[in-house]
Amino acid sequence: MADTKHAPHGGYSPDMDARTHEATYQGFVQFAEIGTAVVICHVLALAVGGIKHAWLTAIFGVILSLVAGGIGAMAPSVGVRAPAAVGVLLLLALIFY
C-alpha cells in the first residue's frame with residue numbers, strides 16, 4: 001500500500017477516485033476467491049473420477065461448479081459460498097462413493 005505518512009490525501013492523489021479504486025480491488029478479491037473455489041472443485045472432481053472411477057459424477061461436478069461460480073460472481077451476497085457448497089458435495093462423493 002502507499003506510504004500514507006507523506007501523502008496528504010490518505011495515500012491517494014487528488015486526481016484518483018478512491019471509491020472506485022477500492023471497489024475495483026474488492027471485485028478482484030471476490031473474483032480470486034470464487035476462482036480458487038472453482039479450481040478446488042475441479043481438482044476434487046478429478047479425484048472423484050480418478051480414484052472412484054465415477055467420471056459422470058466428476059463431469060457433473062465440474063459443470064455444477066462452473067454454474068455455481070457464475071452464480072457467485074453475479075450475486076455478491078452469495079459469493080464464494082455457491083462453489084464451496086459444490087466442493088463439499090464433491091468431497092462427500094470422494095469419501096462415501
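This report describes the predicted model of one protein chain, from its overall make-up to individual residues.

The model is a prediction, in which local features need pLDDT of at least 70, side-chain atom pairs count only at pLDDT 80 or more, and totals for chains, interfaces and linings use all residues. Residues are numbered from 1 along each chain as its sequence is written, and side-chain values use heavy atoms, with hydrogens and water left out.

**Overall make-up**

The protein chain contains three helices and zero strands. Helices (H or I, at least four residues) and strands (E, at least two) are DSSP runs, numbered from the N terminus. Read from the N terminus on, the order of elements is α-α-α. Of the 97 residues in the protein chain, 26% are buried. Here buried means under 20% relative accessible area, exposed means over 50%, and partly exposed lies in between (1.4 Å probe, protein chains only).

The protein chain exposes about 6,700 Å², and carbon and sulfur atoms supply 73% of that area. Accessible areas come from the Shrake-Rupley method with a 1.4 Å probe; for residues, only the protein chains shown count as cover. A contact is defined by heavy atoms within 4.5 Å. Among contacts in the protein chain with a separation of 6 or more, 63% are accounted for by residues 24 or more positions apart.

**The pair of helices H1 and H2**

Helix H1 covers residues 18–52 and helix H2 covers residues 55–74; their axes come within 8 Å and cross at roughly 170°. Axes are lines fitted to C-alpha atoms, for helices over the stretch in contact, and angles run from 0 to 180 degrees between N-to-C directions. The two helices, H1 and H2, are therefore roughly antiparallel to each other. On this scale, angles under 35 degrees count as roughly parallel, over 145 as roughly antiparallel, 65 to 115 as roughly perpendicular and the rest as oblique.

The residues of H1 that make the contact include Ile34, Val38, Cys41, His42 and Ala45, while those of H2 include Ala58, Val62, Ser65 and Leu66. By class, the contact of H1 with H2 has 11 nonpolar, eight polar and no charged residues. In this classification, Ala, Val, Leu, Ile, Met, Phe, Trp, Tyr, Cys and Pro count as nonpolar, Asp, Glu, Lys and Arg as charged, and the others, Gly among them, as polar.

Ser65 is placed in helix H2 and is buried, with a relative accessible area of 0%. Its side chain reaches the backbone oxygen of Val62 at 2.8 Å. Apart from neighbours within four places in sequence, Ser65 is in contact with Val38, Cys41, His42 and Val86.

Ala45 belongs to helix H1 and is also buried, with a relative accessible area of 1%. Not counting residues up to four places away in sequence, Ala45 touches Ala58, Val62 and Leu90.

**Pairs separated along the chain**

The table lists pairs of residues with their separation in sequence and their C-alpha to C-alpha distance.

| Pair | Apart in sequence | C-alpha to C-alpha distance |
|---|---|---|
| Val88 and Leu44 | 44 residues | 9.4 Å |
| Gly35 and Gly70 | 35 residues | 9.8 Å |
| Ala45 and Ser65 | 20 residues | 9.5 Å |
| Val78 and Ala68 | 10 residues | 9.6 Å |

Val88 lies in helix H3, which covers residues 81–96, and counts as partly exposed at 49% relative accessibility. Gly35 is located in helix H1 and is partly exposed at 30% relative accessibility. Val78 is found in the loop between H2 and H3; Val78 is partly exposed, with a relative accessible area of 30%.

**The loop residue His53**

His53 occupies the loop between H1 and H2. At 63% relative accessibility, His53 counts as exposed. Most residues other than glycine have a negative phi. The phi of His53, however, is near 55°, a positive value in a residue other than glycine.

Technical notes:
A polar contact is a pair of N or O atoms within 3.5 Å; within protein, one must be able to donate a hydrogen and the other to accept it, and residues adjacent in sequence count only if both atoms are side-chain atoms.
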